[in-house]
Amino acid sequence: MLTYPDSVRFLYALGNEIKTAKLGLDRIRAVLAALDNPQNSFKSIHVAGTNGKGSTCAMIDAGLRTAGIRTGLFTSPHLIEPTERIVIDGMPVTPRQFEQAFDAVHKVAGDPHPTYFETVTAMGFWLFREMRVETAVVETGLGGRLDATNILAPVLTVITPIDFDHEAYLGGTIEAIATEKAGILKPGVPAIFARQRPEAQSILDRHVPARLTRDFEIRDLHISARGSEFSGLKCPLAGEHQVENAIAAAMALEALGVSPKGIENAVWPGRLEQISPNPDIILDGAHNPAGARALARYLERFYADRKIWMIYGAMRDKAVDEIAGILFPLASELILTAPGNSRALRPEALREIAGRGHVAPDISAALGLVRASVSEDDVIIITGSLFLVGEARALSYNKHSWPFSGAWSS
């Protein structure tokens, strides 16, 4: 059996999970059949969309756990360790559990080996069965129709807001992307849709099996820098866009016969997450235009009177020009860097796009540049790639490497 580090290295050697994605269900179907179809041993809620999938999954999972249900949560990508992708009863699986699941899947993988995402999907389903999960909340990886998670027979489907992302795989129009996301909808399975663009909604309406159309009544809405309250519910996730995700999660829980109040216990790292005070340091994986717009609204609403230091890094396959136009004008000081990933865009290339800003080779150097001149009244935003956010979050765990005295710690 490979150790945890060796299993992780093997997965990474399979190639980047987006760049090497092979959409289709034949490989995952064969692997799961060889494992005696673990996905049939638990109830599942299947969630697709462009933005808010992970947040919505986290809130549904929190609600189910609050109700005493043993849950599994499968999301991607991870921020620091791959174990974060497979969560049981609110806790990421251990390295030992991860390596056992990898061993079980690897033994039946065949040749060619399933992709990174297919392998981890099968691992998650295997662990959910082995750990006797009652209900799993499962986020799609890429699209929906041909995503490896679409092997599920869910009791409920949820589609969060659809926008532009991964156009090379899903199509260059909202209609094409919505068609791929709608592929998780199944006859007779109830569906909940978050508020959508009109062109996406029209596609979803054509595919809808048994949509739950009752509107959630919003009363006494209050949005703060740290979350929101409405209709007697508390959403602990920051950003006004999270209200829509919380409504979708609340409707999903009600459809499952569970009180939605449990969403107040949700945690979703790396999305408008404050990790340090004085100065405020906020992490947000705004890696596509919709995410950038949500971050921009948040900054304009709560930090318009503060000096904003923005540390930004991105992948080459993202809509960097559009994101730059949304976010960079809000930055008083701009530091351009790159996560340690082969798909990362060079900081120098970002500097050409921005027409301004300082260049730093990595997140540690970027934070060092900021530390030299930042004031306690300023705010530091680390954004762009979730890989960069993960690196910043990992760095914040190490008091010897983290340059700010008010560092968050677990």
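**Close-up 1. The second largest pocket of this predicted model holds about 460 Å³ of space.** Rolling a probe the size of a water molecule over the atoms shows where empty space is left. The second largest pocket is lined by 24 residues, and those lying nearest its centre are V87, P92, V267, W268 and P269.

**Close-up 2. Helix α3 and strand β4 in the lining of the second largest pocket.** Both α3, which spans residues 53-66, and β4, which spans residues 91-92, supply at least two residues of this lining, and the largest share, four residues, comes from α3.

**Close-up 3. The largest nonpolar core, a set of 34 residues.** Within this core, the residues with the most contacts are I45, M59, I60, V137 and V158. At least two core residues are supplied by each of β1 (43-48), α3, β6 (156-159), β11 (233-235) and α9 (241-255), while the largest share, nine residues, comes from α9.

**Close-up 4. The surroundings of V137, one of the residues with the most contacts inside the largest nonpolar core.** Leaving aside residues up to four places away in sequence, V137 touches I45, V47, C57, I60, D61, L64, G72, L73 and F74. Among these neighbours, I45 and I60 are themselves listed with V137 as having the most contacts inside the core.

**Close-up 5. A second, separate core.** This second core has 33 residues, including F98, W126, A148 and L152.

Key: Residues are numbered from 1 along each chain as its sequence is written. This is a predicted model: local features need pLDDT of at least 70, side-chain atom pairs count only at pLDDT 80 or more; totals for chains, interfaces and linings use all residues. Side-chain values use heavy atoms; hydrogens and water are left out. On a 1 Å grid over the protein atoms alone, a cavity is a set of points where a 1.4 Å probe fits but cannot get out, and a pocket is an open set with protein on both sides within 12 Å along at least five of seven lines; lining residues have an atom within 4 Å of a point. Grid points are joined across faces, edges and corners, and a volume is the space filled by probe spheres set on the points. A nonpolar core is a set of buried Ala, Val, Leu, Ile, Met, Phe, Trp, Tyr and Cys residues joined through side-chain atoms within 4.5 Å. Buried means under 20% relative accessible area, exposed over 50%, partly exposed in between (1.4 Å probe, protein chains only). Contact means heavy atoms within 4.5 Å.
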